[in-house]
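Hi,

Here is the structure I said I'd pass on to you.

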Amino acid sequence: MDTSKRHKLAGAGAAMITPFTPDGRVDYEALGRMVDYVIDGGVDYIVALGTTAETPTLYMPERAVIAMFITNHIAGRVPLVMGCGGNSTSEVLDQLREFDLRGADAVLSVTPYYNKPSQEGLYQHFRTVAEHSPLPVILYNIPGRSGVNMTAETTLRIARDIPNVIGIKEASGDIDQMQRILDGRPEGFLVLSGDDGMTLDLMRRGGDGVISVAANAFPERFMRCIGLAKAGDFDRAEAEYARLDEAVRALFEEGNPTGVKCALAAMGKIGPTMRLPLVPGTEKLRRKFEKLIAEYDLR
């Protein structure tokens, strides 16, 4: 297996939003600005078409165009991970065939949602996806959204048995589960936090980084924390993060990506438009971000 891709995808990846125009179309001009903003802020890589991108509300042709647009706009400046998942294994295989993945370094594939497969079903799903993927696969465990938790034992079984699976984005919120994966993982298997607030704790334990919502809004400040953690200076990383903590927690007060879009709108980076069933952040949340951005100089 190409371990260089694992190394490239350590640190912090920005889980890219999808800006919309006021009438609900994809705002490609704003999307391009966002890609530049996070790259200029120092992110290690970009993740397209994940949870934060409002992917469930994007039509399949829109997803394909967004994937192509982000690939072209990055222009090789940082690595790219492409979200490619679903709750029908055959439809995930269709995505792998239909997306132009030539500019990506890996795919991120979420545990199937709603139909609540067994642990054996999860194993067989990811085995099938990985066998058909032209790129390395990063698993994405997020039981709060999918309705099923992939256990540490299943993750480790996949990691040992399927060479094309190179890591996991762990958003279970269970640090003990993450520790079991860290303790039993094969050499080079990436363990990435799916929760901004748990990143430094996971990295202290030997984890490799985070796929981050906060890196969309505050990339430069967030990457200072990650840089210190990568250097092993966790006390300074924690001190730096303390100045971000209130703003990061606010990103999730009304759900993701509602919060991060509200923050970015308050900063003048994008418009606040979202696609139903999601709605923009409240005026109260926007005022909170305006206060925090000014207080902690987060622009």
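Let's start with a piece of the fold: strand β6 (residues 165-170), helix α8 (residues 175-184) and strand β7 form a right-handed β-α-β unit. Keep in mind that this is a predicted model. The two strands of that unit, β6 and β7, run parallel and are paired over four bridges, with Gly167 sitting opposite Leu190 of β7.

The pattern carries on from β7. Together with helix α9 (residues 199-204) and β8, β7 makes a right-handed β-α-β unit. β7 and β8 (residues 209-212) are parallel and joined by two bridges, and here Ser193 faces Val210 in β8.

β7 itself (residues 190-193) is covered on both faces. Leu190 and Leu192 are buried on one side, and Val191 and Ser193 are buried on the other.

Helix α4 (89-98) is one of the elements that supply at least two lining residues, along with α3 (60-74), β4 (106-110) and α6 (143-146). The top contributor is α4, with four residues.

Last, the cysteines. I searched the whole structure for disulfides and the count is zero. Cys84 has a relative accessibility of 2%, so it counts as buried. Cys262 is buried too, at 7%; the cut-off for buried is under 20%.

Cheers

Terms used: Residues are numbered from 1 along each chain as its sequence is written. This is a predicted model: local features need pLDDT of at least 70, side-chain atom pairs count only at pLDDT 80 or more; totals for chains, interfaces and linings use all residues. Side-chain values use heavy atoms; hydrogens and water are left out. A disulfide is a pair of cysteine sulfur atoms within 2.5 Å. Buried means under 20% relative accessible area, exposed over 50%, partly exposed in between (1.4 Å probe, protein chains only). Two strands pair if DSSP finds at least two bridges between them. A crossover is right-handed if, with the strands pointing away from the viewer, the path from the first strand over the helix to the second runs clockwise.
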